[in-house]
Amino acid sequence: MTEIAISMEHVSKKFIRHVERRNSLKERIIRGRSGSSEDFWAVKDVSIQIPKGSVYGLIGHNGSGKSTLLKLMSGIYRPTEGKIHTDGRLAALIELGAGFHPDMTGMENIRLNGSILGLSRKDIDDSTDAIIDFSGLREFINDPVKHYSSGMYVRLGFSVAVHMKPEILVVDEVLAVGDEEFQRRCEDHLYSLRRAGKTIVVVSHGMGQLEGLCDEISWLEHGEVQQSGPATKVIRSYLERVNNQEAARNAEVSSERTDDPDSMRAGSGQIRTQSIALQSESGTPLDHSETGTTTRFAVKLTAKESILGPNVRVGIQHEGGALITMLNNHRLGTDLGVVEGDFTVLVDLINTPILPGRYRIHIDIFDHTGAKLLDNWSDALEFPVRSQRGEIGQGFVDLPAQFTLQE
Amino acid sequence: MLTDLYQRRALIWAFANRDFATRYRSSVLGWFWSLLQPLATLLVFAVVFSVVFRITPPPLGADPDRGSYAAFLFTGLVTWNLFYTIVVLSMSQLKSNGELLRKVQFPGWAPVLGASIVQLVQVVLEVIVLVLMFFWQRNVGWTWILAIPILIALALFAQGIGLMLSILNARFGDVQYIVTVVLGALYFLTPVIYPMSMVEDSASNLVIFIQSNPLTWFVEAMHYAMYSLVAPEWWVVPGLILLGATTFIVGLAVFNRNSEDIGELL
């Protein structure tokens with residue numbers, strides 16, 4: 001039988017949500033103890049067994065109770081109902097650098113923070129050098145931390161916390177801080193703790209990161225465990241749910257958008273874009289596109305007079321503002337010939353090499369010389385890109401690449 | 001319960017160090033300011049009460065023909081300040097460390113006790129000034145030694161009350177205002193600015209109140225030991241120690257029982 005590091009049995013946590021917070025004596029006396037307050041169950045009947053030496057992940061939406069659960073595990077909160085038993089020294093990284101005093105130097109703060117986290121003076125003396133090296137702040141260690149950048153602050157906090165040799169480490173979304181280099185060092189450190197047989201409980205929204213790190217994952221929804229099990233399986237169901245919810249939310253936006261004839265447009269107006277639709281390669285309407293599968297934009301246009309060789313440009317912009325690409329038929333060597341009246345241009349984005357996220361389409365049409373703007377439709381369409389593989393927030397494009405092991 | 005305190009002594013020291021290091025770091029004269037404040041109070045009170053109100057000090061122990069109002073007043077002020085500052089400081093500690101208590105699990109009494117340790121350093125400085133003052137008055141006696149257990153007992157007494165008030169203040173934000181008012185009144189119900197002999201003869205109920213005020217016992221014991229150079233009855237000092245120790249233990253127990261969910265309260 002495997003040993004259990006953290007055992008939670010039917011744990012619930014109730015918060016009393018005061019409509020008006022009644023924490024002054026006068027109000028208590030005048031209006032009494034009860035009154036306009038609502039109970040709010042942040043965690044409901046959660047039973048989790050975390051085996052020693054495993055890495056356990058918690059996922060869920062904001063407000064699903066992940067952080068409350070961590071605080072319950074680390075003893076900051078008391079459960080309203082149920083039992084929690086932890087076996088081994090526990091360190092919680094709820095917030096890095098909590099308890100740093102701005103007027104004290106980095107060195108003094110290492111000592112203070114170490115004591116708060118439960119280290120003896122000797123332990124602190126022994127690990128001070130390692131902490132400073134890990135943080136990479138040796139140069140600044142005798143400066144007051146109020147002069148540190150927020151990044152430096154967090155680096156020092158993480159360094160102190162991971163050097164307290166915990167048997168159980170509880171980490172709350174703190175891995176998303178610091179620069180890339182430091183983030184990797186943190187991740188490496190977590191892997192090395194894992195190899196050393198420590199138990200780690202981690203909350204994160206980085207699914208890719210969790211999938212690599214965790215053995216098991218629990219998915220929380222409104223304070224209840226929705227699903228528990230092997231990391232890959234739970235992450236897959238979670239992403240599926242998120243995708244479905246997003247699809248439901250975007251149902252009304254979806255596949256096609258028709259021009260509002262009264263809207264003002266830049267350009268001469270000799271051509272006007274009537275509508276744009278998101279389709280599959282075979283022409284079925286879509287409400288999202290998928291990384292790795294061809295996406296088609298069907299652009300319906302009307303030319304008021306005959307126009308020679310127009311250049312239709314389709315800009316794809318990430319919701320964050322970055323322009324991913326500006327597709328256009330002139331660059332691809334496609335001549336549309338002479339157009340007049342209604343016609344449709346099909347723009348196929350082959351294998352959609354775009355990573356999941358929300359994107360916007362801008363359309364503008366130039367004449368054959370490229371000097372004269374005929375029509376411009378900004379924000380013509382907004383659409384989500386999803387992936388079955390679950391990559392999230394790791395850039396914008398899926399570039400063709402190949403990894404080979406050199407013998 | 002007390003072994004917990006011993007086991008986490010490194011933590012208490014760490015908080016004491018933090019408060020020690022930050023208290024006067026930004027001011028050049030540092031500890032000097034901490035002494036200046038009671039000395040300024042002493043000067044103003046000495047002038048107002050001995051010159052304007054003409055309070056006659058009791059005779060000095062070494063020279064019964066002489067009295068020194070300033071020395072009498074300072075003995076009481078040092079004693080009162082020890083109590084007052086520890087209670088007031090303790091009361092605010094949970095709130096001022098709230099950010100930390102919400103995020104890390106550690107015993108809440110650690111910052112409270114740490115802050116009081118720093119305050120004790122200041123008390124020691126004040127006592128040194130008091131001793132110098134009595135040397136200057138040539139009022140020296142073996143009974144001085146009794147001041148040490150009396151002050152320790154008072155510190156424990158104050159800390160016990162401070163611990164209880166700190167948890168109460170974390171729950172009800174206005175406790176600190178009430179306490180400030182109560183302490184303001186208590187100050188005048190303790191023989192700090194006037195000698196006990198001035199009120200003893202009057203028959204009003206106020207006297208009973210003053211006599212039953214524990215702070216009167218501490219202040220009077222200090223007056224005996226430092227000013228009058230008379231040893232109080234044999235049971236007084238052990239009694240004060242018992243009172244101080246009991247209050248401290250009760251305060252700590254109350255604190256522990258009510259601070260388990262401190263992370264949620266703040």
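**View 1. Strands β13 (residues 295-308) and β16 of chain A run antiparallel and are joined by 11 bridges.** Across this pair, A:Ala298 has A:Leu346 of β16(A) as its bridge partner. The model is predicted: local features need pLDDT of at least 70, side-chain atom pairs count only at pLDDT 80 or more, and totals for chains, interfaces and linings use all residues. Residues are numbered from 1 along each chain as its sequence is written, and chains are lettered from A in the order in which they are written.

**View 2. An open sheet of 4 strands in chain A has the order β10-β11-β13-β16, with antiparallel pairing.** Strands (DSSP runs of E, at least two residues) are numbered from the N terminus, and two of them pair if DSSP finds at least two bridges between them. β10 (256-258) and β16 (338-349) of chain A are the edge strands, each pairing on one side only. From one strand to the next, the twist averages 15°.

**View 3. Helices α7 (residues 147-171) and α11 (residues 214-228) of chain B pack at about 160°, with axes 10 Å apart.** Axes are lines fitted to C-alpha atoms, for helices over the stretch in contact, and angles run from 0 to 180 degrees between N-to-C directions. α7(B) and α11(B) are therefore roughly antiparallel (angles over 145 degrees). Residues making the contact (C-beta atoms, placed from the backbone, within 7 Å) include B:Leu154 and B:Phe157 of α7(B) and B:Phe218 and B:Met222 of α11(B). This contact has 10 nonpolar, no polar and no charged residues (nonpolar: Ala, Val, Leu, Ile, Met, Phe, Trp, Tyr, Cys and Pro; charged: Asp, Glu, Lys and Arg; polar: the others, Gly among them).

Definitions and conventions
Angles under 35 degrees count as roughly parallel, over 145 as roughly antiparallel, 65 to 115 as roughly perpendicular and the rest as oblique. Two residues are in contact if their C-beta atoms, placed from the backbone, lie within 7 Å.
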